[in-house]
Amino acid sequence: VLISLILLAGFRNFRGVFLPMLAVLIAVVWIMGLIGLLGYQITLITNIIPVIILAVGSAYAIHVVNAVMAEKQINPKRALQRAIAFIVVPVMLASVTTVFGFLSILAGSYLVLIREFGIFSAAGVVCSLLLAISFVPAVLAVIDRDVRRPARTGLSAQTIKTPQVGQPVAVRLIDVIPRELSLLVFKHQKLLITFWVLIIATSIWGISRIERRVELIDYFGENSIVRQGENLLVEKFNGSTPLYLQVRGNIQTPEALQLMVQTQEYMTQFEYIPYSQSVADLIKQMNDVMGEGKSVPDDDYKIAQLWFLLEGQEIMDQLVSPDMQEGIIQAYVTSSDLDVLREIEANFDAYVATHSTDDFQLAVTGIPIMFKRLDDSIIKSQTYSLIIATLLVMMMTSLLLRSPRKGLMAVIPIGVTLLVLFGTMGISGTPLDIATVLTGSATIGIGIDYAIHFISRMGEGRSRGLGEKESLQRAIHISGKAIFINMVSVSAGFAMLMFSQLLPLQRFGFLIATTMIVAGMATLTLLPLLLWKRKITLFNQITK
């Protein structure tokens, strides 16, 4: 509903709302149907794929509709043919780079649900593209038979219509903002550059404050019954995060039981492990009942007698295997701090290495170890996905725009947006977790669309014989409107995730909504400065 209202304010007619929304809703049906047909399930992360498609997929149809409206101001009779002939290439390029952005998430991914998110999100983008370049033009050709009637909205090649005072504020803003941005770019360059330098400097400072969290309980708010239950377990009991140390060998021997006792004594030195239990504890208790003291007997025969008394107890199934060749020590950890997780992994890996023998092999596992490896995966996935997405996007834009310089220029606004993304995470205290780790690649894949459309529109102006400045102005006027509408609609779509009851989804929605605004504004202000040849003189003046 919110995206529809934004489209209505931007296009001010039925087709500008109906076609983009119909196209993405069909894409949502296709993808969710595909997930079901292939036997996959809805997870914490794949749950947001419909929002991804609604917000991202609508961009392609928005640019198609906007291109047709713009062409109607120049040549109403051939508006559809000319618009589609021009817009198909940048829309396809934008979708390809977005697909690369989502697929780059697969690099270094530790969790299956993150891989599924990347694959099905990329598939949703492809579906949205196919509908935007085939279904939407076909519907336009059917419903727009009266090509002689001038369109109610659109921008000519040289001029911008001045909004009427009586129009709604949202409508006036959508028309006024591209004009004001054009004035900033060509008359207030120093102000713009100073603004972006301050933004970048602040973001770099914020990056140093980023935190990482992998605790599952962090997904729920302070007032959640889940968080309250966890706090109760930590405060009144022994916590709820299990750590397991496995012993392989003949568990009924004194040596195996003494090894368990020794390991449990080793655990007591860590204040965050208040409790542990093994079958050795039961043997010691039974031995104490028999008057022999609370210790493990050295005699195999005595152990066999005590073991006979324990057989049939339910707890035995939790502590030893049926063949008596594997036993486990259960412990509980009261902290999920990353420093604690690193300490647990390092200390117990070293303990296992030094105390394993030919007769008894030790292995450590449990939730703390899983959290630590998940944290490693988050860092690895973030690094690999950003590098791969950036290189693929730069290579693809350079090839399709037939210019390495344009490919590099298209990536610069995204580079600035990434700095703002991670800076915002540090400043706002938003941690890097299994959901926010997806934001970097998603930002590259989605945000690059703006630069592609802007550069393509500028190139079209040059092909029509316009000068460099006139081409840039035309790109800001025509593409600027579509970029602004898309920027606001995408941001609004993702902002809806902030109403989720799960904190990672709230953070994901907040970050993508923020970065889409930054990406759009960087494309409409910073990119024209980089593409304008007078920038050399300008930067020399600023340097002086």
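**Notes on the predicted model**

1. Helix α5 (residues 112-143) has 32 residues and runs 44 Å from first C-alpha to last, close to the 46 Å expected at 1.5 Å a residue (the expected span being 1.5 Å times one less than the number of residues). Helices here are DSSP runs of H or I with at least four residues, and strands are E runs of at least two, numbered from the N terminus. There is also a kink of about 35° in α5, centred on Ala132; the bend is the angle between axes fitted to the seven residues ending there and the seven starting there.

2. A word on the source: this is a predicted model, with local features needing pLDDT of at least 70 and side-chain atom pairs counting only at pLDDT 80 or more, while totals for chains, interfaces and linings use all residues. Residues are numbered from 1 along each chain as its sequence is written, and side-chain values use heavy atoms, leaving out hydrogens and water.

3. Leu80 sits in helix α4 (residues 79-103). Leu80 counts as partly exposed because its relative accessibility is 23% (buried is under 20%, exposed over 50%, partly exposed in between; 1.4 Å probe, protein chains only).

4. Strand β1 (residues 241-248) pairs with β4 in the antiparallel sense over six bridges; pairing takes at least two DSSP bridges. Thr365 in β4 is the bridge partner of Tyr244.
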